[in-house]
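Below is a short briefing on one protein model. Look at the sequence and the structure, then read the points by topic.

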Amino acid sequence: MATVKFKGELEVSLNGTELNVGDIAPVVNGVGADLSDIQIGGQRGIAQIIVAVPSLDTGVCATEARRFNEEASKIDNAEVIIVSMDLPFAMKRFCTTEGIENLKVASDFRAKAFAKSYGVLQANGPLSGLTARAIFIVNPSGKITYKEIVPEITQEPNYDAVLAAAKDATSTSCCGSCH
């Protein structure tokens, strides 16, 4: 079972199925800001940059969402999906207030299907029941090509590594299945 730290002291266990680079990304549905189903994972014909955050109502998560919103417009043949346990209404309010237009938001509040299927559900600590901070990049054929479980929940991911991996996942001419 994977673990992360909260504020450098508390070790937080992550529950769910641990996925790794090379695995096929499970298909799960989140709830969009407009209450529609948002498909996460699986073969989509475009790359997916899946950004899991504990809550958009925190400073680090908000900063991360703004950064990915800015970067998303520069990545062709990809979609960025922010996943959290926030209610769809709160996600919609956040996107409207912050001018977030280049990415999708998906709430995992109903069944925690994403958090469990991707192994990022915090099992203990003050944020128990929320997602850990993580990034998964899924190529157009549905294979995970990048994974980052941020080791300290209160820190941002390695943007340079994520963006380089996203460009690699979108630049293959055969949907990534032959690489």
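Strand 3 (residues 28–32) and strand 4 run antiparallel and are joined by 4 bridges; two strands pair if DSSP finds at least two bridges between them. This is a predicted model, in which local features need pLDDT of at least 70 and side-chain atom pairs count only at pLDDT 80 or more, while totals for chains, interfaces and linings use all residues. Residues are numbered from 1 along each chain as its sequence is written, and side-chain values use heavy atoms, with hydrogens and water left out. Helices (H or I, at least four residues) and strands (E, at least two) are DSSP runs, numbered from the N terminus.

**Strands 3 and 4**
- Gln39 in strand 4 is the bridge partner of Asn29.
- The hairpin of these strands has 4 residues between them, and Leu35 there takes a positive phi near 75°.
- In a regular strand, side chains alternate between the two faces of the sheet.
- Ile38 and Ile40 form the covered face of strand 4 (residues 37–40), and Asp37 and Gln39 the uncovered one.

**Helix 1**
- Buried residues (under 20% relative accessible area; exposed is over 50%, partly exposed in between, with a 1.4 Å probe and protein chains only) in helix 1 include Cys61, Phe68 and Ala72.
- Their cover includes strand 5 (47–52), strand 6 (78–84) and helix 4 (159–170).

**Ser107**
- Ser107 is in strand 7 (residues 104–107).
- Ser107 counts as buried because its relative accessibility is 2%.
- Beyond its neighbours within four places in sequence, Ser107 is in contact (heavy atoms within 4.5 Å) with residues including Gly30, Val31 and Met91.
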